Every structure is written in C-alpha cells, then in structure tokens.
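Please keep the view open as you read.

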Amino acid sequence: MPNSSPGSQPQEPDLSGIRFVEVTQETRGRFEDLFEQPGAPKYCWCMAWRHAGREHVQSDEKKRMMMALIDAGTPVGIVAELDGKPVGWCWVAPRATYRKLSKHQDDAEIGIWSIVCFYVPRALRGGGLASALLDAAIGHAFGKGARAVEAYPVDEAAPSYRSWAFATCSSRGASTRSAPPGRAGM
C-alpha cells in the first residue's frame, strides 16, 4: 500500500506485480481478508444484487450468504492481489446468478456476464487499480465462456454508489456491453 504523510501526495502503487484470483472455496480467505480490512464494505458483502428480499439483513448474515454462494461453486468475482495481499475486488458473474438487474433485461439471453460492484481501498484509488480490475474481470468472464459482458458504471456524483465503477473508469460509456474479439455486434 502506498505510504503518505500529512502534506504529501499519495504515491501511486506499482501495479506491475498485480495478479487476479477467482474467488472459490480455495481462495475465499483472500476475499474475506480484503472485506475484513478497515474501510472495506463488510456492511454489505456485495449481496445487494443477490438478496431478493426488502427486509434488512445484518452484515454477518450477508457474509454467511456470500460464503454459501462461494461454497456452492457459484461464481462471485475476482480479487486483486499486490505483493501477496488482497487489494481489490470486482464482482463479475453470469447475469443469471443475480436477481433482476434491469427492468429491460431479456432473461432469454444466455452467456451474459455482469459486472456489478468494485472495491478498491481509498489509499489505492486513482492509481489504475480499478481499470486493471475491470480489464481482468472482462477477461475472466470471457475465459469462463461469456458471450458478452455488461457493466453498469455510474457518474462520480452519485453518492449512494461509491462501490460501483465510475463511468470514467472506462471509455466505453454509461452502459457497457462487450463482446470478445471477432464477435462484436452480437
């Protein structure tokens, strides 16, 4: 993690040693370590797009629900590691594994993966980690057989969506759908 002292500019991290790891039963400890860090979104455990009910669910129950998904082999996303430490997260999974993401969604479409959440610790923001996570998430989805990948970036001024990727993270625009090379326009 970059060090900074009062009055100094934060140092951008050297991302040359970054690696991305799929969250599975075997690697879930890295995901848990990341989410247990101070400032991490342990209040939600990224269950907003999985949990269908409107009732309030305590964060420990959300964690239990997330761990059950991981233990069942449900794809949930990737963790970024730098110098052997978890430093970022992107939720990328088949769209069919989420609750309905849009009222305009065509549930008959198959092979669509969705990117719905990011987490990058404050000290590492602005150094390219979110963009690297986005690229890795897209590559991960296509590597797992996705026909297309959707993302839902938001405007930086949207206060309730601080864990989502901002539209400036990608030049692809407000609503993104990517197809693998040679399959554009699907």
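Glu36 and Lys63 form a salt bridge in this predicted model, with their closest N and O atoms 3.2 Å apart.

Asp71 of helix H2 and Arg28 of helix H1 are 43 residues apart, yet their side chains meet in a salt bridge with an N to O distance of 2.8 Å. Asp71 has a relative accessibility of 38% and counts as partly exposed; Arg28, at 22%, is partly exposed as well. A network of salt bridges joins Arg28, Glu32, Glu36, Lys63 and Asp71.

Which elements does the salt bridge between Arg19 and Glu81 tie together? The side chains of Arg19 and Glu81 meet at 3.0 Å, N to O. Arg19 belongs to strand E1 (residues 19-22) and Glu81 to strand E2 (residues 78-82), so this pair connects parts 62 residues apart in sequence. Arg19 is partly exposed at 43% relative accessibility, whereas Glu81 is buried at 6%. The count for salt bridges comes to 10.

Let's turn to the interior. In soluble globular proteins, nonpolar side chains tend to be buried together. Here the largest nonpolar core has 24 residues, and those with the most contacts inside it are Phe31, Met66, Val76, Trp89 and Trp91. Two or more residues each come from helix H1 (28-36), helix H2 (59-71), strand E3 (85-94) and strand E4 (112-119), and H2 gives the most, with 5 residues. A second, separate core has 22 residues, including Leu124, Leu134, Ala146 and Val149.

Finally, consider the aromatic rings. The whole structure holds 8 aromatic pairs. In one of them, the rings of Trp89 and Trp91 have centres 5.7 Å apart and planes at 75°, so the pair is edge-to-face. Trp89 is buried at 0% relative accessible area, and Trp91 counts as buried at 1%. Ring pairs also link Phe31, Phe35, Trp45, Trp89, Trp91, Tyr98 and Tyr119 into a cluster.

Definitions and conventions: Residues are numbered from 1 along each chain as its sequence is written. This is a predicted model: local features need pLDDT of at least 70, side-chain atom pairs count only at pLDDT 80 or more; totals for chains, interfaces and linings use all residues. Side-chain values use heavy atoms; hydrogens and water are left out. A nonpolar core is a set of buried Ala, Val, Leu, Ile, Met, Phe, Trp, Tyr and Cys residues joined through side-chain atoms within 4.5 Å. Buried means under 20% relative accessible area, exposed over 50%, partly exposed in between (1.4 Å probe, protein chains only). Helices (H or I, at least four residues) and strands (E, at least two) are DSSP runs, numbered from the N terminus. Rings of Phe, Tyr and Trp (its six-membered ring) pair if their centres lie within 6.5 Å; planes under 30 degrees apart count as stacked, over 60 as edge-to-face and the rest as tilted. A salt bridge is a side-chain nitrogen of Lys or Arg within 4 Å of a carboxyl oxygen of Asp or Glu.
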